[in-house]
Amino acid sequence: MSTRTSVRPQVAVRELDYGSAINEAFTQLLEGDETVLLIGQGLYSPWYVGSSMVALEKKFGTARVVDTPVSENGVTGIAIGAAMAGMHPVVIHPRMDFMVLATDQILNQAAKAHYMFGGAINVPMVVRGIINRGGEQAAQHSQALQSYYMHIPGLKVVMPSTAYDAKGLLISSVYDGNPVIYIDDRWLYSQRDPVPEELYTVPIGKGAVRRKGKHVTIVATSYMNVEALAAAVSLAEEGIEAEVIDPRTLKPLDEDLICDSVARTGHLVIADAAWRSCGAAAEIAAMVAERAFGALKAPIARVTLAEAPAPSSSPLEKAYYPWAADVVEAVRRTVHYS
Amino acid sequence: MYVAMQRIRRFEEAIAESSSAREFKGPTHLYIGQEAVAAGVCTALEKGDYVFGGHRSHGHYLAKGGSMRGLAAEIFVRETGCSKGRGGSMHLTAPEIGLLGTSALVGGGMGPGVGTALASVLLGRDHVTAIFFGDGAIEEGIFSESLNFASLKKLPVIFICENNLYASHLPLGVRQPQPELFKHAEPYGLPGLRIDGNDAVEVYRTAASAVERARAGEGPTMLECMTYRWRGHVGPSYDLEYDIRTREELDSWIARDPIERLAGRMAETGVMTEAERARIDTQVQDDVDDSMSFARKSPFPEVKDLLKYVYKD
Ligand SMILES: Cc1ncc(C[n+]2csc(CCOP(=O)(O)OP(=O)(O)O)c2C)c(N)n1
Ligand SMILES: [Mg+2]
């Protein structure tokens, strides 16, 4: 018989799925702050944005929850102006692929204003880009373009992987004062987590250790945390203890958290479901090579997409996207490097 | 035109069924109800003329003369598909008949469409380019930019706006303040006409004179074809389960079925007898069945070829 009594929380912790956590953040922001404006495509759609926007226009009206014409660049520019004039807009692009049409306004206007005008003007806006991939949707409906925006000074880029962070980072992003690119992946929407009922923030620029381990550091972005954690479980069976780090924010990156971990493990694998060249994984690898070169006992390994546009055909899709098995494989290569 | 329309209708009905049966996963945007537009315009074109479309382009591909087997296999994402299973329903190509490729991004084909017309002029070729787009594409910047340039350079383009009154889940009235879309042509100095997009003969006649004008070097025309998609925005459903449109509205458009209208007219004028119609329909159905079984039997692309086609060798 066990001598330990199991510790149960006094109050049942309320769990929410990822999509509902975003919805709750929006609800509380709209309730508490008349400067918050949600604008973009698919906001009234029963199929576009999952559970994350459901019924918001019914509660808050169509003036502050605006489903727009098919005009990504214009609408994003309009949100920039509203932000300059004191509002806190969140622009919603139901797919990152469509957000590309707004990249002119994001890169050339939003990202530059504060610097170009010597700090006199700021653009407190969030641009939410949803990754919606798989399902044979092919090349123009599957993209994960985090690195595009990471490249641009003046933008911040966050990629929550848990329901808790989805809510907390959204609220931080809205009040950051800078243009923040908030990227969520539809593959995460069924993730469930204890999520506090009140408004709370998760700091931008701070990563989280998802699992402790001493043999290898796996830095995983967004949905790849799910695959990395699964990989860590199977690696444990072969005696490899992986530490899984979720940077949560890609720009600015929590460099210390990653470097401290690598200093202990000596091995680094980076998993990012986007392209390899100039990608988030490349940036993290370069940062570690610069800052923690001495700690590395083996080359850094990256687990990324194949260098191709997303194929439509299912068998090709399976080979195209990275999975836990690819992470396991990369970890073995690094750990057994000699 | 009757054959072209019936090929689209029967083909898409088969695709709707196999989509419901999950024989493939990719999103398919069905064209049923709008067949007169593709058939009328493409009948007015020559084989070498170009066509550009978008996410809802099975009809444009078939009407211009694309292989039905190639289309079915592409939707089933097989190696034998027109885009080798890399593109799926939204990314069709058939360069041999002037269909260089459809884009899933709203308005995405408009710039390239105008570009082919520019090339035709610069290379001294006699081709015309037909660009099909929806009422939603008017809201994208590239619409204005393309009209302006095409008109400025008097390029041989027919801009065909298929106004089916919806973009995804939103009706036109909540997206645009002014519902007469053909009027967008005027500020750019090209003729804009609104026509009944469910009347194949009217579409054909109007398109034919626009084509003539374009070939004569007199510049582009914009046609607004009033029509309606029977099925929902994407997939085989009718979008009646949501609060988007009503059964009555759908029924009123089904009553204006472009195929029955043309068939009725042909019967009245003695151009097509009952027996001829039955024979055509059987032939069309045979082609559809053949294309579907061809698709089902075709192999998927091989994983070793994942990186094939990223670059031209
Ligand atoms: C640039 C871009 N923005 C948004 C979308 C999402 N989307 C796909 S189809 C569609 C509606 C297009 O409506 P319309 O142009 O009228 O064509 P229809 O579907 O009615 O044929 C939208 C908004 C997209 N594919 N591309
Ligand atoms: Mg439409």
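Mentor: In this predicted model, the area buried between domain 1 of chain A and domain 2 of chain A is about 2300 Å², and carbon and sulfur atoms give 58% of that area. On the side of domain 1 of chain A, the residues that lose the most area to domain 2 of chain A are Glu136(A), Met150(A) and Met159(A), which together account for 26% of what that side buries. The domain assignment places domain 1 at residues 13–196 and domain 2 at residues 208–335 of chain A. Their C-alpha centres lie 26 Å apart. In terms of residues, 31 from domain 1 of chain A are in contact with 29 from domain 2 of chain A.

The polar side of this interface can be described next. Between domain 1 and domain 2 of chain A there are two salt bridges. A salt bridge also joins Arg248(A) to Asp165(A), with 3.0 Å between the closest N and O atoms. Polar contacts between the two domains of chain A number 14 residue pairs, both residues being at pLDDT 80 or more. Three elements of chain A give two or more residues each to the side of domain 1 that touches domain 2: helix 6 (146–150), strand 6 (156–158) and helix 7 (163–174). By class, that side of domain 1 of chain A comprises 15 nonpolar, 11 polar and five charged residues.

Two further details belong to chain A. The peptide bond between Lys251(A) and Pro252(A) is cis, with omega about -5°. Pro252(A) is placed in the loop between strand 12 (249–251) and helix 9 (255–265) of chain A. As background, most peptide bonds are trans. The other detail is a salt bridge between the side chains of Glu15(A) and Arg192(A), at 3.5 Å from N to O. Because Glu15(A) lies in strand 1 (residues 15–17) and Arg192(A) in strand 8 (residues 192–194) of chain A, this pair ties together parts that are 177 residues apart in sequence. Over all chains, the whole structure holds 34 salt bridges.

The contact between the chains may now be set beside the domain interface. Chain B and chain A bury about 2700 Å² between them, with carbon and sulfur atoms giving 67%. Leu105(B), His169(B) and Leu306(B) supply 23% of the area that chain B buries against chain A, more than any other three residues. This contact takes 34 residues from chain B and 34 residues from chain A. The count of salt bridges between chain B and chain A is zero, while 12 residue pairs, both at pLDDT 80 or more, are in polar contact across that interface. The side of chain B that touches chain A divides into 17 nonpolar, 10 polar and seven charged residues.

Chain B also has local backbone features to record. Its helix 1 (residues 2–20) has 19 residues and spans 27 Å from first C-alpha to last, close to the expected 27 Å at 1.5 Å a residue. Just after helix 1 of chain B, Arg22(B) has a positive phi of about 55°. Asp239(B), a residue other than glycine, likewise has a positive phi, near 55°, and lies in the loop between strand 7 (221–226) and helix 8 (247–254) of chain B. In general, most residues other than glycine have a negative phi.

Notes: Residues are numbered from 1 along each chain as its sequence is written. Chains are lettered from A and ligands numbered from 1 in the order in which they are written. This is a predicted model: local features need pLDDT of at least 70, side-chain atom pairs count only at pLDDT 80 or more; totals for chains, interfaces and linings use all residues. Side-chain values use heavy atoms; hydrogens and water are left out. Domain bounds come from an automatic or database domain assignment. Contact means heavy atoms within 4.5 Å. Buried area is the accessible area (1.4 Å probe) that two parts lose on being put together, summed over both. A salt bridge is a side-chain nitrogen of Lys or Arg within 4 Å of a carboxyl oxygen of Asp or Glu. A polar contact is a pair of N or O atoms within 3.5 Å; within protein, one must be able to donate a hydrogen and the other to accept it, and residues adjacent in sequence count only if both atoms are side-chain atoms. Helices (H or I, at least four residues) and strands (E, at least two) are DSSP runs, numbered from the N terminus. Ala, Val, Leu, Ile, Met, Phe, Trp, Tyr, Cys and Pro count as nonpolar, Asp, Glu, Lys and Arg as charged, and the others, Gly among them, as polar. The expected span of a helix is 1.5 Å times one less than its number of residues.
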